[in-house]
Structures are given as C-alpha cells and as structure tokens.
Amino acid sequence: MAIFQDLKTWRFWRHFLTRSFACLGVLSTALQTNNVINPTVTVFQGTLVLLLVIAISLIGGLIWSWPRPITQDYSAPKTKISIVKGDMLAETTHLVIGTNDTFDTETPIIIANGSLQGQALQRLYGGDLKELDSQLAKALAGKPTVGTIAKEGKQTQYGIGTIATVKHASRLIFFLAYCEMDAHNTAHSTPDKVWKSLQMLWDEVSKRAMVERCRYRPLAAGKRGFRASSQHKTPFVSRYSLSCLHRATPRFVMSFESLSGLRTIRSWIVLSCSPFCLH
C-alpha cells in the first residue's frame with residue numbers, strides 16, 4: 001500500500017521526530033511551570049510521569065505526521081484536485097507525453113532513457129524507435145511547421161502546442177510539444193508557453209478523448225533535461241492546475257500528472273481534476 005511506502009520515507013520520519021520533540025517540549029514546559037507554581041505537588045514527578053510524557057509525545061508526533069491524502073475541493077467549478085502516487089505507463093487511460101517542438105525520439109543520445117518519453121519508448125513500443133517515429137510522422141503529416149534548426153537529430157520545428165495524437169492499443173497518446181530544443185538539444189520553455197500548449201492540448205483531448213480520463217506528465221523533454229529558472233517552478237505547477245480547472249465542466253473529466261523527481265517514473269504526482277470528484 002502507498003501509505004506504508006510513505007512511512008519509509010525520510011520526510012515522514014523527519015516530521016515525526018520534529019513534531020514528537022515539539023510535543024515533548026510543550027509537555028515538559030507545562031510540567032516545569034506547574035512545579036514552579038506548586039512546588040509541593042509531586043504527583044507529576046517521577047519515572048512513570050516521564051515515560052507517560054514520552055509516550056504521549058510519540059503518539060502526538062505520529063498522529064500529527066501520519067500521511068494523509070492531499071486534496072483540495074473547489075465549488076466553482078465543482079472540482080477536486082488530488083495528489084497521489086502511481087505509474088502512469090501502467091494506466092489504461094489516455095496518456096499525454098510532454099515532448100519538444102522537433103519531436104525528437106532517439107535515446108539515449110537526445111532523449112534520456114529515464115525520461116517519460118524514453119520509458120514510453122521502451123515499455124509501450126518495445127524499444128522500436130522506427131515504429132514510434134513512423135506513428136509520429138503520420139500524426140504530424142499536414143501540420144504546419146515554423147522553421148528548422150541546425151542540430152543533431154530532427155530539425156523540423158512544429159512550434160509550441162503542436163500535438164501528435166497516436167493510437168496505442170485501445171487508448172490514445174498525445175505527444176505535446178511544450179518546450180523548444182536549442183542547437184545543443186537542451187529543452188527550454190516558459191510558463192506562458194506551457195499555458196499555451198495546455199490550452200491547445202485540452203482542445204485536442206476534448207475532441208479525441210471526449211470525457212474519458214487522460215494522464216499527463218509534461219516533463220523531461222531532452223537528454224540534458226528541461227531548463228527552467230527557479231522563479232518559474234511554481235508558476236508551472238499553478239498553470240497545470242489552473243488549466244485543468246479552466247476545463248473542468250460537467251462534460252469534461254480530466255486528470256494530469258507532473259513529476260516530483262526525475263530519477264524514476266514512480267515519483268510523479270497526480271493532480272486529478274474532475275467535476276464529479278471521482279478521485
């Protein structure tokens with residue numbers, strides 16, 4: 001269970017110890033104050049009282065630090081945002097995979113094997129790069145281009161917000177260009193470009209996926225990673241939430257994922273937006 005995995009994390013133990021010591025400090029201060037005010041009262045002294053205070057402090061720290069679901073409800077529109085753990089490639093729902101404006105796919109030279117796109121290539125396409133490129137080429141056929149760039153790998157630029165919709169088994173995979181590749185194959189983007197790409201994404205999802213669920217994790221578009229300045233990290237997350245809330249209508253059910261860490265796909269967080277509060 002996910003809760004037992006949370007209990008094994010350093011974050012839980014750090015909070016548990018900090019809050020247990022805080023409880024211990026409060027109780028100790030209260031007992032010492034009582035001893036100063038009532039020095040003749042000895043009922044709150046002794047080893048038994050000490051053990052009781054420690055036990056209460058540990059129980060209080062445990063209750064205070066116990067992992068709880070992270071959710072936020074909104075009344076207008078009626079939407080619930082939840083943060084949960086999972087493996088989006090193991091889902092059977094539609095997927096949105098963030099990529100670059102040239103739709104590079106080659107691993108590990110340009111796209112990192114550990115990125116979502118790299119793992120999707122291995123797990124969904126069995127490492128068959130030619131098959132994935134063929135599917136992307138068909139999906140991009142007829143779409144306008146904005147230019148070319150002299151770099152290793154693919155050089156045709158389709159622009160921010162371009163979506164290559166590929167059918168995989170019984171679901172759809174939306175390859176979303178939310179960042180731009182430079183001449184060194186480093187991905188760059190801004191909160192405004194992410195917002196633009198999200199708006200175009202939801203239009204495509206609403207047309208192709210109707211009211212079905214769609215999993216989204218728009219990170220790691222190049223081998224050298226996704227470059228964003230520290231002041232942009234919070235706006236990126238807020239734009240994901242706002243774009244989802246913006247499209248949370250009685251006819252549209254959507255969820256999307258974003259990573260909390262780049263080392264493993266099991267580190268992502270899910271922000272599930274649903275007017276029916278399905279999560």
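**Exercise 1. State where alanine 169 is placed, and whether alanine 169 is buried or exposed.**

Solution. Alanine 169 sits in the loop between β6 (163–168) and β7 (171–181); strands here are DSSP runs of E with at least two residues, helices are runs of H or I with at least four, and both are numbered from the N terminus. This is a predicted model, in which local features need pLDDT of at least 70, side-chain atom pairs count only at pLDDT 80 or more, and totals for chains, interfaces and linings use all residues. Residues are numbered from 1 along each chain as its sequence is written, and side-chain values use heavy atoms, with hydrogens and water left out. Next, the phi of alanine 169 is positive, about 55°, although this residue is not a glycine. Most residues other than glycine have a negative phi. Finally, alanine 169 is exposed, with a relative accessible area of 65% (buried means under 20%, exposed over 50%, partly exposed in between, with a 1.4 Å probe and protein chains only).

**Exercise 2. State whether asparagine 185 is buried or exposed.**

Solution. Asparagine 185 belongs to the loop between β7 and β8 (187–188). Its phi is positive, about 60°, although asparagine 185 is not a glycine. With a relative accessible area of 3%, asparagine 185 is buried.

**Exercise 3. Determine whether the peptide bond from threonine 107 to proline 108 is cis or trans.**

Solution. The omega of this bond is near -5°, and the bond is cis. Proline 108 lies in the loop between β3 (94–100) and α4 (116–125). Most peptide bonds are trans.
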